[in-house]
Amino acid sequence: MTQIKLSQPTNASRVSVFAASRKFDWVIALFSLWFVSGLHLDEWAHHHEQVETFFTLWHGVLYSGFVVTALALVIGVWRNRAQSTSWQAAIPTGYSLSLVGAALFMFGGMADGVWHTLLGIEVDVEALLSPPHLLLAFGGALIVTGPLRAAWVRNENTPTLAQLLPAILSATLLLSLMAFFTQYASVLALAANLQRAIPGDLGEAIRSQGIAGVLVQTAVLMGLMLALARRWRMPFGSWTMLLTLHVLLVVAPHENWNLIPIGLVVGLLADVLMHTTGASRLFAVITPIAFFVALFATLALSGGFSWGVPFWSGALVLAGTVGWLMHWLSSLATIQASNAP
């Protein structure tokens, strides 16, 4: 069986003199969950035509979550400043980019307000491609990955689930942001389209969009999971937590509650595979196939599934192929890193 070699952090020279505590990681991770949840709540409002101006309850949840997260970051630096030689040295390890992200997010929020005032409220895919929203996405990704970066540089290859939970939550929120801003190519977010048998060119375009979603989301999901497995020997329960929360955040704005068990079931399977075969090719191939088998089966049992055999069987083959390719790329990156001077 092929294992992905666990890599050691190599940027020790850039580590702050203040190692981030796990308590601080938990604070940032939970506050990040607050404002990422606000993002999905805002998406729900867009889908239900509840958004008319920039100043809405939904934006209030989003931006209040950002404010408390940014304040926690600033307070963390402020408390360290008295014992450090500079402000830069006072930043807890792993959180420099989170502070940059907070600045970008604040600027993106102001730009978003001006944008909405001048050009109105975007709908559908436009909302995902608006430059201020993309800036918010980039800044948000830098913020939420602070606990992941802090854990990454610790000298721990086999942490317990309790020790790794903030990093797992951080990685899940990153996955959620990536899925959110690529949901125009997501069969999970657009599951209703898989249930409607639409004839003609429109139906063909929608089915093709679904196949593109299988490719994109498999690459995003397995790329992240294999990166984590390359760094740590993931404790049992890691994938169950990651996939369950991920599916919940993606489907909640569409109120497709029947899809939530997919994350739980596939997460448990991924945990079993990880602990029996390691981060192997089998793990990388079976996990995405199982995810889409569970999705297609759930849709078929709860309202119908419009894809014919060539479409859904080909989609499963493509999911497994992309998973294998992501494993190959991850292994290649590990080999290159181990051979570096």
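**Salt bridges and helix packing**

Glu156 comes out as partly exposed, at 23% relative accessibility. On this scale, buried means under 20% relative accessible area, exposed means over 50%, and partly exposed covers what lies in between (with a 1.4 Å probe and protein chains only). The model is a predicted one, in which local features need pLDDT of at least 70 and side-chain atom pairs count only at pLDDT 80 or more, while totals for chains, interfaces and linings use all residues. Residues are numbered from 1 along each chain as its sequence is written, and side-chain values use heavy atoms, with hydrogens and water left out.

Glu156 has a partner: Arg22 forms a salt bridge with this residue, and their closest N and O atoms sit 2.4 Å apart. A salt bridge here is a side-chain nitrogen of Lys or Arg within 4 Å of a carboxyl oxygen of Asp or Glu. Arg22 belongs to helix 1 (residues 22-47) and Glu156 to the loop between helix 7 (146-152) and helix 8, so the pair ties together parts that are 134 residues apart in sequence. Arg22 is partly exposed too, with a relative accessible area of 28%. As a general point, side chains of opposite charge can pair when their charged atoms come close.

How many salt bridges does the structure hold? The count is three. Another of them joins the side chains of Arg154 and Asp25, at 2.7 Å from N to O. This pair also links distant parts of the chain, with Arg154 in the loop between helix 7 and helix 8 and Asp25 in helix 1, 129 residues apart. Are Arg154 and Asp25 buried or exposed? Arg154 counts as buried at 15% relative accessibility, and Asp25 counts as buried at 2%. The remaining bridge runs between Glu204 and Arg207, whose closest N and O atoms are 3.0 Å apart. Both residues lie in helix 9, three residues apart, or about one turn of the helix. Glu204 is partly exposed, with a relative accessible area of 38%.

Helices (H or I, at least four residues) and strands (E, at least two) are DSSP runs, numbered from the N terminus. Of the 341 residues in the protein, 50% are buried. Contact means heavy atoms within 4.5 Å. Among contacts between residues at least 6 apart in sequence, 79% join residues at least 24 apart.

Now for the packing of helices. Helix 8 (residues 161-180) and helix 9 (residues 200-231) pack at an angle of about 165 degrees, and their axes are 11 Å apart. The axes are lines fitted to C-alpha atoms, for helices over the stretch in contact, and the angles run from 0 to 180 degrees between N-to-C directions. Helix 8 and helix 9 are therefore roughly antiparallel to each other; angles under 35 degrees count as roughly parallel, over 145 as roughly antiparallel, 65 to 115 as roughly perpendicular, and the rest as oblique. Which residues of helix 8 and helix 9 make the contact? Helix 8 brings in Ala171, Leu174, Leu175, Met178 and Ala179, and helix 9 supplies Gln217, Val220, Leu221, Leu224 and Leu228. Sorted by class, this contact of helix 8 with helix 9 has nine nonpolar residues, one polar and no charged. Ala, Val, Leu, Ile, Met, Phe, Trp, Tyr, Cys and Pro count as nonpolar, Asp, Glu, Lys and Arg as charged, and the others, Gly among them, as polar.

Helix 9 also packs against helix 10, at an angle of about 150 degrees and with axes 12 Å apart. Helix 9 and helix 10 are therefore roughly antiparallel to each other. On the helix 9 side, the contact is made by Leu221, Met225, Leu228 and Ala229, and on the helix 10 side by Trp239, Leu242 and Leu243. The residues in this contact of helix 9 with helix 10 split into seven nonpolar, no polar and no charged.

Ser98 sits in helix 4 (residues 96-119) and is buried, with a relative accessible area of 0%. Not counting residues up to four places away in sequence, Ser98 touches Leu73, Leu142, Ile143, Gly146 and Arg149. Gly94 lies in the loop between helix 3 (87-90) and helix 4. Neighbours within four places aside, Gly94 is in contact with Gly146, Arg149 and Ala150.
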